[in-house]
Amino acid sequence: VQTCALPIWWVTNRADGGVEAYVEGESDAVVRVERSLRMGPPGGRVDDVHAIDEAPVSGLTTFRIVETY
């Protein structure tokens with residue numbers, strides 16, 4: 001994700017061990033982020049990625065880390 005110019009608006013670790021992220025932007029940029037998420041970090045393991053198309057959320061302007069739920 002670091003190599004992509006598109007911000008991830010929020011990301012959180014889930015109690016079940018998963019990670020959830022909300023990404024907003026141009027279609028091709030979102031696809032690049034999704035591809036990067038599927039690869040995961042060095043030394044990490046990604047079992048699955050679920051992508052859902054949703055309407056953009058207005059008013060988001062910065063990156064946020066959300067508390068684990």
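This is a predicted model: local features need pLDDT of at least 70, side-chain atom pairs count only at pLDDT 80 or more; totals for chains, interfaces and linings use all residues.
Trainee: Which residues do salt bridges that share partners join into one network?
Mentor: Arg 14 also meets the side chain of Asp 16 in a salt bridge, at 2.9 Å from N to O, and Asp 16 counts as exposed because its relative accessibility is 58%. Glu 34 and Arg 38 form a salt bridge as well, with 2.7 Å between the closest N and O atoms, and they are separated by about one helical turn because they stand four residues apart in helix H1. The network joined through shared partners, however, consists of Arg 14, Asp 16 and Glu 20.

Trainee: Is Val 46 buried, partly exposed or exposed?
Mentor: Val 46 sits in the loop between helix H1 (27-39) and strand E3 (64-65), and, leaving aside neighbours within four places in sequence, its contacts are Leu 37, Arg 38, Met 39 and Gly 40. Buried would require under 20% relative accessible area and exposed over 50%. Because its relative accessible area is 32%, Val 46 is partly exposed.

Trainee: How many salt bridges does a search of the whole structure find?
Mentor: Among them are the Arg 14 to Asp 16 pair and the Glu 34 to Arg 38 pair. For the whole structure, the search finds five.

Conventions. Residues are numbered from 1 along each chain as its sequence is written. Side-chain values use heavy atoms; hydrogens and water are left out. Helices (H or I, at least four residues) and strands (E, at least two) are DSSP runs, numbered from the N terminus. Buried means under 20% relative accessible area, exposed over 50%, partly exposed in between (1.4 Å probe, protein chains only). Contact means heavy atoms within 4.5 Å. A salt bridge is a side-chain nitrogen of Lys or Arg within 4 Å of a carboxyl oxygen of Asp or Glu.
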